[in-house]
Amino acid sequence: MTMAGSAAQASTTVSVQDARVFSLGQQASEVEGHAVVPGLGNVTATSVTLQQGSSGQELLVVIQGLNLTTATPTVVLVQTRQSVNQNQGFSDEFVTQVITTSKNEIQVLVRRVDANTGWGQHLRLDLLIVD
(Lines give C-alpha, C1' and ligand atoms only; values in the text may rest on other atoms or scores of the structure.)
Protein backbone atom coordinates (compact mmCIF):
# COMPACT_ATOMS: atom_id res chain seq x y z
CA MET A 1 0.00 0.00 0.00
CA THR A 2 1.33 3.44 -0.86
CA MET A 3 0.31 6.97 -0.01
CA ALA A 4 -0.62 9.26 -2.91
CA GLY A 5 -2.07 12.73 -3.37
CA SER A 6 -2.07 15.81 -1.17
CA ALA A 7 -4.31 14.17 1.46
CA ALA A 8 -1.95 11.16 1.74
CA GLN A 9 -4.67 8.85 0.50
CA ALA A 10 -3.92 5.13 0.65
CA SER A 11 -3.61 3.49 -2.76
CA THR A 12 -2.69 0.18 -4.35
CA THR A 13 -2.00 -0.97 -7.91
CA VAL A 14 -3.40 -4.24 -9.26
CA SER A 15 -3.53 -5.98 -12.65
CA VAL A 16 -6.66 -7.33 -14.31
CA GLN A 17 -7.33 -11.07 -14.18
CA ASP A 18 -8.78 -13.10 -17.05
CA ALA A 19 -9.97 -10.15 -19.12
CA ARG A 20 -12.55 -11.16 -21.72
CA VAL A 21 -13.36 -8.83 -24.60
CA PHE A 22 -16.55 -9.18 -26.61
CA SER A 23 -17.09 -7.22 -29.82
CA LEU A 24 -20.70 -6.16 -30.22
CA GLY A 25 -20.11 -3.99 -33.27
CA GLN A 26 -19.88 -6.85 -35.74
CA GLN A 27 -21.25 -10.34 -35.94
CA ALA A 28 -18.56 -13.05 -35.73
CA SER A 29 -20.57 -15.67 -37.59
CA GLU A 30 -24.17 -16.52 -38.24
CA VAL A 31 -23.78 -19.81 -36.37
CA GLU A 32 -22.82 -18.08 -33.11
CA GLY A 33 -25.74 -15.68 -33.36
CA HIS A 34 -24.25 -12.83 -31.32
CA ALA A 35 -26.22 -9.60 -31.15
CA VAL A 36 -25.04 -6.81 -33.39
CA VAL A 37 -25.22 -3.28 -32.03
CA PRO A 38 -23.72 -0.89 -34.60
CA GLY A 39 -21.38 1.72 -33.12
CA LEU A 40 -21.28 0.15 -29.67
CA GLY A 41 -17.69 -1.10 -29.66
CA ASN A 42 -16.19 -3.65 -27.28
CA VAL A 43 -17.35 -4.95 -23.92
CA THR A 44 -14.60 -5.99 -21.48
CA ALA A 45 -15.42 -8.19 -18.49
CA THR A 46 -12.69 -8.69 -15.91
CA SER A 47 -11.90 -8.59 -12.21
CA VAL A 48 -9.15 -7.71 -9.76
CA THR A 49 -8.54 -8.97 -6.25
CA LEU A 50 -7.25 -6.64 -3.56
CA GLN A 51 -4.87 -8.80 -1.54
CA GLN A 52 -4.87 -6.36 1.34
CA GLY A 53 -7.38 -4.41 3.30
CA SER A 54 -7.16 -0.75 4.15
CA SER A 55 -6.27 0.94 7.41
CA GLY A 56 -8.52 3.84 6.44
CA GLN A 57 -12.07 4.12 5.19
CA GLU A 58 -10.97 4.71 1.56
CA LEU A 59 -8.57 3.01 -0.84
CA LEU A 60 -7.64 4.30 -4.30
CA VAL A 61 -7.22 1.28 -6.59
CA VAL A 62 -5.22 1.70 -9.82
CA ILE A 63 -6.32 -1.10 -12.16
CA GLN A 64 -3.74 -1.80 -14.88
CA GLY A 65 -3.45 -4.20 -17.79
CA LEU A 66 -6.44 -3.06 -19.80
CA ASN A 67 -6.43 -2.71 -23.57
CA LEU A 68 -9.39 -0.44 -24.30
CA THR A 69 -10.07 1.24 -27.64
CA THR A 70 -10.69 4.65 -26.05
CA ALA A 71 -9.45 6.60 -23.05
CA THR A 72 -13.03 7.50 -22.12
CA PRO A 73 -15.21 4.38 -22.11
CA THR A 74 -18.96 4.87 -22.41
CA VAL A 75 -19.71 2.71 -19.34
CA VAL A 76 -17.54 1.48 -16.46
CA LEU A 77 -19.39 -0.63 -13.89
CA VAL A 78 -17.52 -1.72 -10.76
CA GLN A 79 -18.99 -4.11 -8.18
CA THR A 80 -17.36 -5.14 -4.90
CA ARG A 81 -17.70 -8.66 -3.56
CA GLN A 82 -15.93 -11.08 -1.25
CA SER A 83 -12.76 -12.51 -2.76
CA VAL A 84 -14.04 -16.09 -2.49
CA ASN A 85 -17.44 -17.29 -3.61
CA GLN A 86 -18.82 -18.17 -0.19
CA ASN A 87 -20.36 -16.41 2.78
CA GLN A 88 -17.59 -15.50 5.22
CA GLY A 89 -19.90 -13.53 7.47
CA PHE A 90 -18.50 -10.06 6.70
CA SER A 91 -21.12 -7.33 7.19
CA ASP A 92 -18.91 -4.64 5.58
CA GLU A 93 -20.58 -2.42 2.97
CA PHE A 94 -18.67 -0.66 0.20
CA VAL A 95 -19.27 1.85 -2.57
CA THR A 96 -17.05 2.46 -5.58
CA GLN A 97 -16.40 5.58 -7.64
CA VAL A 98 -14.56 5.67 -10.96
CA ILE A 99 -12.02 8.51 -10.70
CA THR A 100 -10.13 8.42 -14.02
CA THR A 101 -9.95 6.24 -17.11
CA SER A 102 -7.42 5.70 -19.87
CA LYS A 103 -6.82 3.02 -22.51
CA ASN A 104 -4.58 1.05 -20.14
CA GLU A 105 -5.83 1.76 -16.62
CA ILE A 106 -8.78 2.81 -14.51
CA GLN A 107 -8.60 4.42 -11.07
CA VAL A 108 -11.39 3.46 -8.68
CA LEU A 109 -12.02 4.76 -5.17
CA VAL A 110 -13.34 2.07 -2.80
CA ARG A 111 -14.98 3.38 0.36
CA ARG A 112 -16.36 1.51 3.34
CA VAL A 113 -19.74 3.03 4.26
CA ASP A 114 -21.04 0.93 7.17
CA ALA A 115 -18.32 2.11 9.57
CA ASN A 116 -15.78 4.93 9.75
CA THR A 117 -12.87 2.49 9.78
CA GLY A 118 -10.73 0.38 7.49
CA TRP A 119 -11.14 -3.29 6.64
CA GLY A 120 -9.02 -6.42 6.65
CA GLN A 121 -10.77 -8.69 4.18
CA HIS A 122 -9.60 -9.29 0.64
CA LEU A 123 -12.04 -7.71 -1.83
CA ARG A 124 -12.74 -8.62 -5.42
CA LEU A 125 -13.78 -5.89 -7.86
CA ASP A 126 -15.73 -7.07 -10.90
CA LEU A 127 -15.58 -4.71 -13.89
CA LEU A 128 -17.78 -4.41 -16.97
CA ILE A 129 -16.49 -1.82 -19.43
CA VAL A 130 -18.13 -0.66 -22.67
CA ASP A 131 -15.71 1.31 -24.87
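Q: How many helices and strands does the protein have, and what makes a run of residues count as one or the other?
A: The protein has zero helices and nine strands. Helices (H or I, at least four residues) and strands (E, at least two) are DSSP runs, numbered from the N terminus. The order of elements is accordingly β-β-β-β-β-β-β-β-β. The model is predicted, so local features need pLDDT of at least 70 and side-chain atom pairs count only at pLDDT 80 or more, whereas totals for chains, interfaces and linings use all residues. Residues are numbered from 1 along each chain as its sequence is written, and side-chain values use heavy atoms, with hydrogens and water left out.

Q: Why is Ser54 called buried?
A: Buried means under 20% relative accessible area, exposed over 50%, and partly exposed in between (1.4 Å probe, protein chains only). Ser54 has a relative accessible area of 4%, and therefore counts as buried. Ser54 is placed in the loop between strand 4 (42-50) and strand 5 (58-64).

Q: Is Thr44 buried or exposed, and how do you know?
A: Its relative accessibility is 4%, so Thr44 counts as buried. Thr44 is found in strand 4. Not counting residues up to four places away in sequence, Thr44 touches Arg20, Val21, Leu68, Leu127, Leu128 and Ile129, where contact means heavy atoms within 4.5 Å.

Q: Is Ile106 buried or exposed, and how do you know?
A: The relative accessibility of Ile106 is 0%, so this residue counts as buried. Ile106 belongs to strand 8. Leaving aside neighbours within four places in sequence, its contacts include Val61, Val62, Ile63, Leu66 and Ile129.

Q: What makes a set of residues a nonpolar core, and which members of the largest one touch the most other members?
A: A nonpolar core is a set of buried Ala, Val, Leu, Ile, Met, Phe, Trp, Tyr and Cys residues joined through side-chain atoms within 4.5 Å. The largest has 21 residues, of which Leu50, Val61, Ile63, Val110, Leu125 and Ile129 touch the most other members. Two or more residues come from each of strand 2 (9-15), strand 4, strand 5, strand 6 (75-82), strand 8 (105-112) and strand 9 (123-130). Strand 9 gives the most, with four residues.

Q: Why is the pair of Phe94 and Trp119 given its class?
A: Rings of Phe, Tyr and Trp (its six-membered ring) pair if their centres lie within 6.5 Å; planes under 30 degrees apart count as stacked, over 60 as edge-to-face and the rest as tilted. The structure holds one aromatic pair. The ring centres of Phe94 and Trp119 are 4.9 Å apart and their planes are at 75°, so the pair is edge-to-face. Phe94 lies in strand 7 (residues 94-101) and Trp119 in the loop between strand 8 and strand 9, so the pair ties together parts that are 25 residues apart in sequence. Both Phe94 and Trp119 are buried.
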